[in-house]
Amino acid sequence: MALMRWMFIALLLTLAGSALAAGIEIREFDDPVMEQRYRDLTASMRCPLCENQAIDDSDAPISGDMRERVYLLLQDGQSDIEIINHMVQRFGDYILYNPRLENRTYLLWGLPIGLVILGVVVVVLMVRARRNASAKALSAEERARLDALINRERSS
Amino acid sequence: MTRRLLLLLLPIGFLGIALFLYQGLGRDPSHRDSALMARDFPAFDATTLRDENRQVDQTLFTGEVTLVNVWGEWCPACKQEMPQLLELADNGIRMVGINYRDTREKGLEFLSEFGDPFEVNVFDPDGSLGFDLGVYGAPETFLVDAEGVIRYHHKGYVSPEHVRERILPEVEKWR
């Protein structure tokens, strides 16, 4: 029993230690749905300081502030879109890993789809051209010339 | 004929994409415009660094073109740019500081050691005003026009060259 207790304490200390090392605070949620939204939101925002880390695994002070703000806005009953807008208004589109679809980003989102469609069109055109070429019948004159060429080749 | 044309399109397309990607290579990935450009200075309520009984808000930034510098005692680049900020203040530019994520003692110590070019310093110990300004590290410098609209943003250390080539022309432009 005593051993169990010690093991439990050791486990708690290890967990606390790793949480401290990561600099990520532990937050209490009454509602598991809200907790999931918190996780998704903080995983979808890029830390403005550290260039390619989501705010949910960054040690930068600004990431801590942003997690705190996401948490407070969630508690305040704001929707995901409102929270994202709140952050983008301050830190810009840069913090979104998935840029929003708007005038500026049509090319970004549309180019891959456009290239795939272009590729399909090119393949279809090539297949069709090849089929047409092989299906084209020879005229009587061409056949006679072909026969003559084959015969000459054989007799020589 | 169409085949020739299609074959010609391939290298042209390749060149186009190559050029587009090449010009992206030379860019500084950490440089980007502030999201607050051309927007009103955010509303806030705070005390000043020197006087905890004095309340200030966003009306501090209306009436005159103001250079707003976000600094903290813990920030080495803030110390290095102080001579440039003192020079800007000597040139008659109105300077307001935002003491960011700092304590009063440390902030006042900093000012007595490195000089105080600021008309007033807004005390922002929890970084909430900094957050609304989209500040993610000090120093950052904003130019606010007489209507309280943010017109220019400089991230990081302000060198003497930055003062001459960017900040002074911007101040003149918005005066």
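Predicted model: local features only at pLDDT ≥ 70, side-chain atom pairs only at ≥ 80, totals over all residues.

User: How many bridges join E6(B) to E7(B), and which way do the two run?

Analyst: There are 5 bridges between E6(B), which covers residues 140-144 of chain B, and strand E7, residues 150-155 of that chain, and the two run antiparallel. They form a hairpin with 5 residues between the strands, and there B:Gly148 takes a positive phi near 80 degrees.

User: What about E3 of chain B, how does it pair with E6(B)?

Analyst: Strand E3, residues 66-71 of chain B, pairs with E6(B) in the antiparallel sense over 5 bridges. B:Glu140 takes part here too, as the bridge partner of B:Val70.

User: Is E6(B) mostly covered or mostly open?

Analyst: Strand E6(B) is mostly covered, since 5 of its 5 residues count as buried. B:Glu140, B:Phe142 and B:Val144 point one way from the strand, while B:Thr141 and B:Leu143 point the other way, and all are buried.

User: Changing topic: how many residues of chain B are in contact with chain A?

Analyst: On the chain B side 10 residues are in contact, and they meet 12 residues of chain A. The residues on that side of chain B divide into 4 nonpolar, 4 polar and 2 charged.

User: Over in chain A, at what angle do the axes of H2 and H3 cross?

Analyst: The axes of helix H2, residues 32-44 of chain A, and helix H3, residues 61-75 of chain A, cross at roughly 145 degrees and come within 10 Å. The crossing of H2(A) and H3(A) is right-handed.

User: Which residues make that contact?

Analyst: From H2(A) they are A:Met34, A:Arg37, A:Tyr38, A:Leu41 and A:Thr42, and from H3(A) they are A:Arg67, A:Val70, A:Tyr71 and A:Leu74. By class, the contact between H2(A) and H3(A) has 6 nonpolar, 1 polar and 2 charged residues.

User: Where is A:Asp76? And why does it count as exposed?

Analyst: A:Asp76 lies in the loop between H3 and helix H4 (80-91) of chain A. A:Asp76 counts as exposed because it has 9 other C-beta atoms within 10 Å, and the cut-off for exposed is 12 or fewer.

User: What separates the C-alpha atoms of A:Asp76 and A:Asn132?

Analyst: The separation between those C-alpha atoms is 67 Å, with A:Asp76 and A:Asn132 lying 56 residues apart along the chain.

Definitions and conventions. Residues numbered from 1 in each chain as written. Chains lettered and ligands numbered in written order. Axes fitted to C-alpha atoms, helices over the stretch in contact; angles between N-to-C directions. Helix = DSSP H or I, 4+ residues; strand = E, 2+ residues; numbered from the N terminus. Left-handed = near helix turned anticlockwise from the far one by under 90°. Contact = placed C-beta atoms within 7 Å. Nonpolar A, V, L, I, M, F, W, Y, C, P; charged D, E, K, R; others polar. Buried ≥ 20, exposed ≤ 12 C-beta atoms within 10 Å, placed from the backbone. Pairing = 2+ DSSP bridges.
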